Every structure is written in structure tokens, then in C-alpha cells.
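Reader: I am new to this structure and would like a close look at a single part of it, followed by a connected account of what lies elsewhere in the chain.
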Amino acid sequence: MINLETPRKFRAFVNQAHQVAAEMLRPNSRRYDLAEHEYPVELDMLAAMVDGLGASGTSSGAGAAGVRRTAAGEGVVNGSNLSSVLSIMEMCWGDVGLLLSMPRQGLGNSAIASVASDEQLRRFDGVWAGMAITEPGCGSDSANIQTTARRDGEDYIIDGEKIFVTAGGRCDAVVVWATLDKSLGRAAIKSFVVPKDTPGMTVERLDHKLGIRASDTATLRFGNCRVPAANLLGSPEIDADKGFAGVMQTFDNTRPLVASMAVGCARASLELTRELLADAGVEIDYDRSVHLQPAAAATYLQLEADWEAAYLLTLQAAWMADNAQPNSLQASMAKAKAGRTANDITLRCIELTSTLGYSEHELLEKWARDSKILDIFEGTQQIQQLIVARRLLGKTSAELK
């Protein structure tokens, strides 16, 4: 049976994450939002601390190492997936962009942790990895990837262009999705770990963005980029029956992490909004019916209920991964609910707080800007709804597009 209370063994760790968010991330939030593309040097110390906790077994980090599945054992497991989403919630209560900028905690690290062999895990230990999926002509439809990987002896030669690569300018390596044979469709999609110093790989530009400005987002180009065959994650065989399910498995584990980012950001907005409403004389009374309270209080209660649903869905998806239960449906439900809820909450909080929320006097306007990406990357809102529909109706991707 699932228990959605914070496990006792994680409480001290979650409290530590909250203290870091309150004392390091939140105070630097506005600074690095205004200084886009400036590297947050404070994160080096934080990343070293997280690495130390991970090495000692105290924690699984902020998410990068917390996505590897294990076989189901006896009893209920509260493992690394659950601890990761709980810590990420706290960190994103501090700042989403700074969390995404933490060395060795990138989405590429999550991909490596999910599908790499034991030998690859050892070889790429300590590497900060971004993940390159999106292309100029390929966004939500990952199966339509045009970047190619051609076998040449003991290497693969990668050619193509990737856009919107989180931490693409700062990371040590990038997990690149490429096709071995365009004619075979999604079955030929594989992922490769490409170190940044590999000849033929270039950072074309860093993008200016609406939100998460502390995190760099890059465009990468690959031209005759030679990568060792040993850097291919998973099996090099093309299985037409399995498709690219092995590569897509990464999303079942990383989507709850993105959902937890949204939950943390939304909670920050709710807490500050409640304080500002109280200062204005509007108190939230949980013992009175909604229709008997001021309109602002009634709206706040509705937003808080939506937040609670997103929070519980996120914990459920992570808990299922820890207990080796298929969670593709729940991961997409959590991502869809949390992404949309964070957008709604952060914008409505600005409405409730009026000029204070809209100005840079408070962080509410920044959180609204940051929250938008959480409904887009790792699969847009529309894609998540499509995946949920397929799972509920028992349809394949070919049957329901």
C-alpha cells in the first residue's frame, strides 16, 4: 500500500534541501535572473556537497542519480525516485533556474542513470551531462528525429542540429538522440554520450528566454562528429517490435522530476501570496465554507486544492518507479497536472496580489515566467494528454495520433 506521507528516513534530508533553497538559492534568484548566462558560482560548493552526500549514501542528489530502477523486492520501497522528487520540490521552492544549473544534476545524467550499463555508469561518473533531443523540425514528436548516427568501425559518426539543450553551454557532455536508419522510424532511435571536446561538436549559440534565465539553453551542431561505439546507451541492435521504448523509458523517470519542479515553484507562489493577502487583511479560514469567504480567499483555496492534487500525483509516480511498477501513465499524468497547475497558480497569484505581484518587488512575476517551461519541456501538455489517452484507451501511437 502506498503511503504519501514523507517517509521518516527522508525528513532530515528534505529539511536540508529546504535550508539550502532558503539560504542559497532564493537570495540569489533575482541576481541570476537579471544576469542571464552568467554562471552561478555559488552552485559549485552546493554541487560538491550533493556529491559528498551521494557518495556517503546519505542522499541520491537533486535528481540526476535518482532514476535508476531496480527489481521489485519484498515489501514497500521508499527509494531514490521518491527522495529525488521531494528534494527537487524544496530546491525549486528556492529557484528552478538555479536547480537546473547545478553541475552533474542535468537531465542527461538522469538518462545515463536510467539506461547505462554498469561499465558506462563507472566511466561517466562525475560527468555533467545535458540532454539533446529537440531539433528545428522535431519537437514533441521524438520519433521524427533527423540527426543521424552512422557506424564506422569502432565509432559512430553523428551529424545534425539540436536546439533548446538545457545546460548545453556549461555541461561536460551531452546525451544526443540520433537515428541509425531513418527508413526504420522510431525503432532506430538511439542515445549517445558525446563529450563536449569531441571534434565536430560546436555550441552555436545561447538562447535568451522568458524564464529560468539562470540556466543556459544552447543550440548544438554536429558535423562529422566521431563518437566511440561504447558511448551508445543501451543495446545497439534495432528491434522493430520494441521500437525505442528503451530510450523513452528515461521519460517515465524524469517526468516526475519535472513535475516536482512545478510543484515546488507553485508552492513558493502560494506561500508568498498567503502572506501578502494576510498583510492586506484577507485571512484564509479553513473552517468556513468557501462561499462565505472573500473572493480572494476562495480563489486561494481552489488553487491550493489543485496544488495538492499535483503533489500527490507526483509522489505516486515516483513511488511506483521505486517499487518497479510500470508508471508511464502516472508519470505523464503527474507531468501534465503539475505543469498546468504551476502555470495557473503562479499567474493567479499575480492577479490576487495585484501590483505587488506584477512588479519586481516580489518574486511572484519571476516564478510565473519560470513556470511556463515546466509545462513544455520533457513533453508538452498536449503530448502528456495524448500519452494518457493512449494508456487509458489501450491504443498505440499509430492508432491514436
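Does Asn231 count as buried or exposed, and at what relative accessibility?

Author: Before turning to that residue, please note that this is a predicted model, in which local features need pLDDT of at least 70 and side-chain atom pairs count only at pLDDT 80 or more, while totals for chains, interfaces and linings use all residues. Residues are numbered from 1 along each chain as its sequence is written, and side-chain values use heavy atoms, with hydrogens and water left out.

Asn231 counts as buried, because its relative accessibility is 4% (buried means under 20% relative accessible area, exposed over 50%, and partly exposed in between, with a 1.4 Å probe and protein chains only). Asn231 sits in the loop between strand 7 (217-228) and strand 8 (232-233), where strands (E, at least two residues) and helices (H or I, at least four) are DSSP runs numbered from the N terminus. When its neighbours within four places in sequence are set aside, Asn231 is in contact with Gln120, Arg123, Phe124, Ser191, Phe192, Val193 and Pro195, contact being heavy atoms within 4.5 Å.

Another buried residue is Leu364, at 0% relative accessibility, and Leu364 belongs to helix 11 (residues 364-373). Leaving aside neighbours within four places in sequence, the contacts of Leu364 are Ser269, Leu272, Thr273, Leu276, Cys349, Ile350, Thr353 and Gly357. Between Leu364 and Ala389 there are 25 residues in sequence and 33 Å in space, C-alpha to C-alpha.

Helix 11 also meets helix 1, and their axes come within 11 Å and cross at roughly 70 degrees (axes are lines fitted to C-alpha atoms, for helices over the stretch in contact, and angles run from 0 to 180 degrees between N-to-C directions). Helix 1 is therefore roughly perpendicular to helix 11, a description that covers angles of 65 to 115 degrees. Arg26, Ser29, Arg30 and Asp33 of helix 1 make this contact with Glu365, Lys366, Trp367 and Arg369 of helix 11. By class, the residues of this contact are one nonpolar, one polar and six charged (Ala, Val, Leu, Ile, Met, Phe, Trp, Tyr, Cys and Pro count as nonpolar, Asp, Glu, Lys and Arg as charged, and the others, Gly among them, as polar).

Helix 1 itself (residues 8-34) bends by about 40 degrees at Leu25, with a proline, Pro27, following within four residues; the bend is the angle between axes fitted to the seven residues ending at a residue and the seven starting there.

Notes. Angles under 35 degrees count as roughly parallel, over 145 as roughly antiparallel, 65 to 115 as roughly perpendicular and the rest as oblique.
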